[in-house]
Amino acid sequence: MVITTTMAAASTSSLSLLSNSQHRSRTPPPSTFIPVSNRFKCQASSGGGQTGFFTKLGRLIKEKAKSDVDKIFSGFTKTRDNLAVIDELLLYWNLADTDRVLDELEEALLVSDFGPRITMKIVESLRDDILAGKLKSGAEIKDALKKSVLDLLTTKGSKTELRLGFRKPAVIIIVGVNGGGKTTSLGKLAHRLKKGGSKILMAAGDTFRAAASDQLEIWAERTGCEIVVANKEKAKASSVLTQAVKKGKEDGFDIVLCDTSGRLHTNYSLMEELIACKKAVGKIVPGAPNEILLVLDGTTGLNMLPQAREFNEESLEDLQPFEAEAFVDAIFS
């Protein structure tokens with residue numbers, strides 16, 4: 001499974017948070033569970049002229065839904081801007097301009113990183129439908145374009161639900177290149193899973209970057225999760241993950257989220273280290289890891305494809321479940 005991130009203001013705030021944090025000793029304190037203090041409370045009012053409980057609840061649901069939609073739309077601003085030319089192309093479209101319009105449409109899709117093969121498939125399908133008389137207006141062409149992209153995402157794309165299995169704890173390993181947002185994504189994933197009722201344990205498996213454990217400890221505090229860190233400098237990532245999964249199994253955790261060091265997919269020795277991590281957790285919980293999540297920077301473009309292939313050879317509220325229809329609406333709106 002792949003998680004894409006956009007490294008903008010969120011990254012800056014994470015860095016400033018780290019720079020302002022006090023220096024910590026590399027020897028970690030005993031793991032402690034930090035309870036979440038901010039809990040939502042509501043109380044139904046009984047007065048005849050007062051706003052009822054269900055009215056307030058309905059307003060909260062609407063505000064939450066609007067917030068989720070806004071996050072989806074804001075995350076694809078650049079792609080949407082690149083595709084905005086499509087509306088201009090199709091506004092005064094007529095049959096005589098078909099070739100010119102489709103050529104410019106092809107260029108817009110390529111600029112937006114759809115890739116040559118997918119772009120040609122979409123454009124040729126539209127051309128066939130136009131010449132066959134199935135599409136007779138600019139609005140119909142745009143609807144057909146959106147449907148083509150949606151069909152590709154829903155028929156070719158794999159399922160996005162996490163496969164956590166039935167054994168406890170489920171183990172999820174987060175991988176990716178340097179600076180892709182692995183630790184931040186892990187913190188947001190922990191927040192989402194905990195809100196769903198799961199008992200989460202974090203494992204600071206990034207033993208290479210000096211501030212990695214400190215950063216993950218901050219996320220543990222923010223999300224109210226326990227964390228396992230290395231008990232000595234230059235510890236092997238596989239030993240930290242082993243210790244965390246053992247604790248997760250003994251203490252009844254539902255999910256262990258394992259952070260790892262950033263690594264280029266072209267570095268053979270570092271990729272071999274991931275294999276060692278995978279084997280280590282599999283010895284504690286048969287079938288683990290349940291998921292290996294590859295985090296990619298959303299601005300990487302088509303370069304993320306070889307990254308995904310190479311990593312696959314090893315067999316807070318901003319994190320949103322991928323919805324194909326919402327994605328298509330966001331980039332073509």
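Within helix α8 (residues 182-195), the buried positions are Lys182, Thr183, Thr184, Ser185, Leu186, Gly187, Lys188, Leu189, Ala190, His191 and Leu193, where buried means under 20% relative accessible area, exposed over 50% and partly exposed in between, with a 1.4 Å probe and protein chains only. The model is predicted, with local features needing pLDDT of at least 70 and side-chain atom pairs counting only at pLDDT 80 or more, while totals for chains, interfaces and linings use all residues. Residues are numbered from 1 along each chain as its sequence is written, and side-chain values use heavy atoms, with hydrogens and water left out. Helices (H or I, at least four residues) and strands (E, at least two) are DSSP runs, numbered from the N terminus.

Eleven of the 14 residues of α8 are buried, so the helix is largely enclosed by the rest of the structure. From its first C-alpha to its last, α8 reaches 20 Å, close to the 20 Å expected at 1.5 Å a residue; the expected span is 1.5 Å times one less than the number of residues. Thr183, in this helix, has a relative accessible area of 6%. Leaving aside neighbours within four places in sequence, Thr183 is in contact with Arg209, Gln215, Leu216, Trp219 and Asp259, contact meaning heavy atoms within 4.5 Å. After α8 comes Gly197, with a positive phi near 100°.

Not counting residues up to four places away in sequence, Phe332 touches Leu83, Ile86, Phe114, Lys142, Leu145, Lys146 and Val149.

The loop between α5 and α6 holds Asp113, a residue other than glycine with a positive phi, near 65°. Asp113 is partly exposed, at a relative accessible area of 39%.

Finally, two cis peptide bonds deserve a look. The bond from Lys168 to Pro169 has omega near -5°, and Pro169 sits in the loop between α7 and β2 (170-175). The bond from Ala288 to Pro289 is cis with omega near 0°, and Pro289 lies in the loop between α11 (268-284) and β6 (291-297).
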